[in-house]
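My notebook is open, and I want to get my bearings in this fold. I'll take the strands to begin with and the helices after that.

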Amino acid sequence: MPKKKFMFTDSADLANFNYKGIYVSLTIDIRKWAVTKRDEAGHPLEHDQLQELPIVLRITKDSKRLYLPIGEKCKWNDWLEMCKHEQSTRVRSDSEKRAQLKKHITNLKPIVYEMADAGTFSLARIKDRYNGISNDDVTIYTIWDEYIQEKKNEGEFGTAGVGKDTRNRFIRDNGREVKFSEINFDFVQDWVRKMQKAKLSTTYIGINLRTFRTMVNRAIRKGYVKGNTEEMFKDSGYNQMESRKDCFMAVTVFQQLYDFWEKGEAKDENGKELFIPRDKNALFRDLGLFLFMYFANGQNLADTLRLEYDNWYFSSQGKQLRFQRHKTKGRTKGGSEVIFPVTPEIQKILDRYGNKPKLGERVFPILDKSKTPEQELWVIQRYNKYIRKHMKKVAALLKLEQTPTSTWARHSFATNLNNSGCVPREYIQSSMAHSSNNDITSKYIGSYPLPKMQEYNSYLLKIPQTVNSTEDLLNILKAMSEEERAALMEEASK
């Protein structure tokens with residue numbers, strides 16, 4: 001005869017009640033009961049009979065469960081014995097203990113009735129009330145603070161920072177006394193009007209509204225706000241962003257910027273230095289960082305400052321660098337990896353400002369690895385401000401019509417390569433980690449060989465030549481390497 005499989009039930013309740021679809025029971029939590037023996041299929045045959053398991057209030061609503069520990073533990077067999085005694089009319093030695101345990105379910109019952117009758121019941125809200133957090137203790141601001149702290153704990157300091165900035169804007173516009181009952185469609189529309197009156201950009205308003213929508217959804221899940229955010233934020237513009245198509249500078253402007261940086265001089269018409277040495281060094285350093293971001297496949301500053309000399313750099317003999325886009329890292333496997341060529345312009349910037357190549361070393365000596373993620377974010381934000389300030393000065397010196405910020409490097413990279421007419425769109429997408437290609441082969445081989453990378457990225461500083469005469473063709477052939485000319489002749493002979 002095969003051995004009978006060990007069976008148990010999670011419905012061994014000492015007490016319970018059911019009200020308006022909410023089922024509450026005083027039971028024992030077996031979810032982490034240690035298994036001591038399993039059958040060949042992995043099913044439990046025996047559990048640790050000496051293990052003490054938590055006694056909990058188990059609350060079920062719409063097939064979802066919440067377990068609230070009451071601070072007591074009990075062995076499984078002892079618990080079954082108590083449940084058996086509860087059904088008996090005889091006075092048992094554990095009668096007083098059972099009476100004390102049942103007080104927990106008695107105390108919870110009026111709270112469940114109150115919330116169910118008011119239509120504000122939720123598992124999250126009953127948990128707050130059980131833990132002594134009253135309605136007055138929970139506000140949209142405490143939910144916001146909880147969210148910010150969660151993001152910090154998860155290492156998402158950028159998201160936490162956006163949450164904090166939006167909270168500060170919310171308080172500036174609406175004060176610190178907004179009640180849950182006030183949050184509705186009209187409230188959202190009123191806040192939009194306040195932000196528009198303050199002449200905030202469409203993008204910034206959208207960011208604020210998206211963050212606030214997250215807080216409201218949390219409040220709805222906890223049962224503090226009624227309704228849904230789809231209707232509440234309708235026509236608010238929470239999902240709108242301003243077009244950044246005009247946030248780019250032409251190739252000729254970048255050539256002007258690069259020539260200015262390479263020369264490294266800032267003098268007036270009389271040859272007098274415009275800046276003291278310290279300010280001059282900072283200005284050209286930040287212009288160099290801006291140009292590096294542009295040449296290095298439109299990086300953002302966070303990725304530039306975190307860039308490392310890794311195995312790929314040394315395997316390519318210093319001709320390529322690789323990084324994972326911090327913004328999209330973790331969203332798709334391998335989808336955030338970018339490999340870019342070390343062009344002559346990039347190499348000159350590295351020679352002037354970079355660390356000496358060493359495995360695992362950061363490329364630029366700005367963001368050392370000893371800093372915490374929160375400290376890193378502070379440094380990145382500070383250098384973004386530096387770049388904005390110094391690019392404003394550079395634009396004035398060169399009499400540029402536009403004043404770029406660090407984000408322009410990325411848009412200019414994409415726009416200028418696209419406008420060249422010589423670069424496949426697929427290359428631009430993969431170079432910016434926008435590729436949708438997730439096939440296995442792409443994880444093992446590069447999409448584009450180094451010579452092609454060098455060729456395509458060269459259009460970041462030069463306008464493609466047009467062949468109008470034999471002389472033009474000869475000039476193009478002279479500019480090619482022997483390998484490129486041989487490949488061209490082989491292709492032409494087919």
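Ground rule before the sheet: I call two strands paired if DSSP finds at least two bridges between them. Helices (H or I, at least four residues) and strands (E, at least two) are DSSP runs, numbered from the N terminus.

I'm working with a predicted model, where local features need pLDDT of at least 70, side-chain atom pairs count only at pLDDT 80 or more, and totals for chains, interfaces and linings use all residues. Residues are numbered from 1 along each chain as its sequence is written, and side-chain values use heavy atoms, with hydrogens and water left out.

**Entry: the sheet.** I looked up the strand order and got S1-S2-S5-S6, an open sheet of four strands with antiparallel pairing. Strands S1 (15–19) and S6 (64–75) are at the edges with a single partner strand each, so one side of each has no neighbour in the sheet. On average, neighbouring strands here are turned by 15 degrees against each other, direction ignored. For angles, axes are lines fitted to C-alpha atoms (for helices, over the stretch in contact), and values run from 0 to 180 degrees between N-to-C directions.

I then checked S5 (residues 52–61) against S6: they pair in the antiparallel sense over nine bridges. Leu57 has Leu68 in S6 as its bridge partner.

**Entry: what packs on it.** Helix H1 (residues 76–86) touches S2 (22–28), S5 and S6, and its direction makes about 100 degrees with that of S6. Contact here means heavy atoms within 4.5 Å. Helix H3 (residues 123–130) lies across S5 and S6, at about 35 degrees to S6.

**Entry: the hairpin.** I found S3 (residues 35–38) and S4 (residues 44–47) paired antiparallel over three bridges. Five residues separate them, and Gly42 in the turn has a positive phi of about 90 degrees. Lys37 stands opposite Glu46, while Arg38 has Pro44 as its bridge partner.

**Entry: H10.** How many residues of H10 are buried? I got 14 of the 19, so the helix is largely enclosed by the rest of the structure. Buried means under 20% relative accessible area (1.4 Å probe, protein chains only). Just after H10, Asn297 takes a positive phi of about 65 degrees.

Technical notes. Buried means under 20% relative accessible area, exposed over 50%, partly exposed in between (1.4 Å probe, protein chains only).
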